[in-house]
Amino acid sequence: MILYPVGKWLCGLCLKLSGLQIIGKENVPQSQPVLVISNHLSFADPPILVQAFPYHLTFIAKEDFAKHAFTRILFSALGAVFLKREESDLSAMRTVLALLKQNRSAAIFPEGRRTFDQGLADFHPGAAFLAARSNTPVVPVALVNSGHFFKFWKRDIVLHVGETIDPQQLDLPLHEKIPVLNQLFQERVTALKQQSEDILTKQGKMRR
């Protein structure tokens with residue numbers, strides 16, 4: 001898909017101007033598929049996330065984003081799959097599972113919504129369900145200050161990639177594995193987010 005590399009390049013150019021810091025890039029698996037999980041702060045999160053990964057990431061987006069030309073083009077360029085409003089969460093899970101089975105990588109925001117105050121909401125179990133069902137390696141990521149995407153002079157956006165989590169290492173029945181993974185995902189992203197905020201605080205760039 002030609003739009004994906006073009007969209008990634010254009011967003012990457014903006015992020016270079018904004019001084020994006022990518023921490024833990026050595027933790028990015030070079031083979032796919034992977035399931036990327038991240039906290040969710042703004043509409044800019046998908047184009048920021050793709051900067052750390054050398055392969056195509058597919059995002060699940062609400063159909064509302066397809067109604068406006070700018071967001072439709074942007075999200076399509078970044079590999080989004082639009083979910084119809086009347087579709088259930090189960091339909092979204094089936095869509096992502098099918099993508100993973102096709103050896104495509106996907107990204108999901110387990111909070112299920114944006115947290116404008118830069119906090120971290122409780123994770124929904126959807127990402128854990130996907131990981132447990134597919135045994136796909138999971139890459140935890142934390143984003144900080146991504147709401148400043150268009151304020152490049154702030155130069156304070158951080159993308160922190162953590163070590164990959166292998167669901168197959170948990171020898172548990174599916175119904176037991178899902179809550180354990182969900183708790184682990186929340187703990188990993190929380191830790192990465194705190195580490196990133198500590199780095200920005202030392203740099204005098206942490207904003208609330």
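This note sets out points on the strands, helices and side-chain pairs of a predicted model.

1. Basis of the note. Because the structure is a predicted model, local features need pLDDT of at least 70 and side-chain atom pairs count only at pLDDT 80 or more, while totals for chains, interfaces and linings use all residues. Residues are numbered from 1 along each chain as its sequence is written, and side-chain values use heavy atoms, with hydrogens and water left out.

2. Strand S6. Helices (H or I, at least four residues) and strands (E, at least two) are DSSP runs, numbered from the N terminus. Strand S6 covers residues 138–144. Seven of its seven residues are buried, so S6 is largely enclosed by the rest of the structure; buried means under 20% relative accessible area, exposed over 50%, and partly exposed in between (1.4 Å probe, protein chains only). Val 138, Pro 140, Ala 142 and Val 144 are buried on one side of S6, and Val 139, Val 141 and Leu 143 on the other.

3. Partners of S6. Two strands pair if DSSP finds at least two bridges between them. S2 and S6 are paired in the parallel sense by four bridges, and Pro 140 in S6 is the bridge partner of Ile 37. S6 is also joined to S7 by four bridges, and these two strands run antiparallel. Across that pairing, Ala 142 stands opposite His 160 and Leu 143 opposite Leu 159.

4. Strand S7. This strand spans residues 158–161; Val 158 and His 160 point one way, Leu 159 and Val 161 point the other way, and all are buried. Strand S1 (residues 21–23) runs parallel to S7 and is joined to it by three bridges. Within that pairing, Gln 21 has Val 158 as its bridge partner.

5. Helix H5. Which residues of H5 are buried? They are Gly 126, Ala 127, Ala 128, Leu 130, Ala 131 and Ala 132. After H5 comes Asn 135, which has a positive phi, near 55°.

6. Aromatic pairs. A pair of aromatic rings is described by the distance of the centres and the angle of the planes. Rings of Phe, Tyr and Trp (its six-membered ring) pair if their centres lie within 6.5 Å; planes under 30 degrees apart count as stacked, over 60 as edge-to-face and the rest as tilted. Two aromatic pairs are found in a search of the whole structure. In one, Phe 53 and Tyr 55 are tilted, at 6.2 Å centre to centre with 55° between the planes. Phe 53 counts as buried because its relative accessibility is 0%, and Tyr 55 counts as buried at 7%. In the other, Phe 59 and Phe 109 are stacked, at 6.3 Å centre to centre with 20° between the planes. Phe 59 belongs to strand S3 (residues 57–62) and Phe 109 to the loop between strand S5 (105–108) and helix H5 (126–134), so this pair ties together parts that are 50 residues apart in sequence. Phe 59 is buried, at a relative accessible area of 3%, and Phe 109 is buried at 15%.

7. His 40. This residue is found in the loop between strand S2 (35–38) and helix H2 (45–49). Is His 40 buried or exposed? It is buried, because its relative accessible area is 13%. Leaving aside neighbours within four places in sequence, the residues in contact with His 40 are Asp 45, Phe 109, Glu 111, Arg 113, Arg 114 and Thr 115; contact means heavy atoms within 4.5 Å.

8. Salt bridge. The structure holds one salt bridge, defined as a side-chain nitrogen of Lys or Arg within 4 Å of a carboxyl oxygen of Asp or Glu. It is formed by the side chains of Lys 193 and Glu 197, at 2.6 Å from N to O. Both residues lie in helix H6 (residues 174–203), four residues apart, about one turn of the helix. Lys 193 is buried, with a relative accessible area of 9%, and Glu 197 is buried, with 5%.

9. Nonpolar surface patch. Val 6, Trp 9, Leu 10 and Leu 13 make a nonpolar surface patch of about 400 Å². Patches are made of residues with over 30% relative accessible area and no salt bridge: like charges are joined within 9 Å, nonpolar side chains (Val, Leu, Ile, Met, Phe, Trp, Tyr) within 5 Å. Accessible areas come from the Shrake-Rupley method with a 1.4 Å probe; for residues, only the protein chains shown count as cover. Trp 9 is in helix H1 (residues 3–17) and counts as exposed, at 57% relative accessibility.
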